[in-house]
Amino acid sequence: LDSNPEDGHGEFYNSNPYNPYGMTMLEPVPNTIKRGQYLPNHIDSADYELAAEVLVNPLDSTKEVLAEGKVLYERFCTHCHGAKGQGDGLVGEVFLGVTSYKASNVVDKPAGHLFHVITNGKGRMGSHASQLSVEERWKIVRYVQVLQKQ
């Protein structure tokens, strides 16, 4: 291979004779979204207001959905938010400031906001997207909404 004096690489380092454009990598397909750049519906991870407006829970509030949401809530949320969503779980007792679902700034938040927080995290709460599927997150949202009304 001939070396390129400018970059010190061979002639085929940045080219591919088998690609019609002569490039090793192709341009991304139009409308491709970079991993981790956006959440569902192309909402930026910091845009909680847009998520609240746009995201709608696709699951009905059936007994089955609520029962599964409760199980998931107990597994992933109770340790911080407490059994009734008061922010008084074991972790919440040590790290004060865990959100209560009945707090005036949270109680009326739409489902899309709650889903976005579970997906992306907020404040000291980290993202749960790697631990919970989209469907499981929506089930937790349904259950949290029940806790807010109690």
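## A partly exposed glutamate

Let's start with glutamate 135, which has a relative accessible area of 44% and is therefore partly exposed (buried means under 20% relative accessible area, exposed over 50%, and partly exposed in between, with a 1.4 Å probe and protein chains only). The model is predicted, so to speak of local features needs pLDDT of at least 70, side-chain atom pairs count only at pLDDT 80 or more, and totals for chains, interfaces and linings use all residues. Residues are numbered from 1 along each chain as its sequence is written, and side-chain values use heavy atoms, with hydrogens and water left out.

Lysine 139 sits in helix 6, residues 134-149 (helices are DSSP runs of H or I with at least four residues, strands are E runs of at least two, and both are numbered from the N terminus). With a relative accessible area of 9%, lysine 139 is buried.

Which residues does lysine 139 touch, not counting residues up to four places away in sequence? They are Leu59, Val65, Glu68, Gly69 and Leu72, where contact means heavy atoms within 4.5 Å.

Side chains of opposite charge can pair when their charged atoms come close. The structure holds two salt bridges, each defined as a side-chain nitrogen of Lys or Arg within 4 Å of a carboxyl oxygen of Asp or Glu. One joins lysine 139 to glutamate 68, with the closest N and O atoms 2.1 Å apart. This pair links distant parts of the chain: lysine 139 belongs to helix 6 and glutamate 68 to helix 2 (residues 63-76), 71 residues apart. Glutamate 68 has 31% relative accessibility, so glutamate 68 counts as partly exposed.

Lysine 139 also forms a salt bridge with glutamate 135, and here the closest N and O atoms are 3.3 Å apart. Because these two residues, lysine 139 and glutamate 135, are four residues apart in helix 6, about one helical turn separates them. Taken together, Glu68, Glu135 and Lys139 are linked in a network of salt bridges.

## Helix 5

How many of the 10 residues of helix 5 are buried? Nine are, and helix 5 (residues 111-120) is mostly covered. The buried residues are Ala111, Gly112, His113, Leu114, Phe115, His116, Val117, Ile118 and Thr119. After helix 5 comes glycine 121, which has a positive phi, near 85 degrees.
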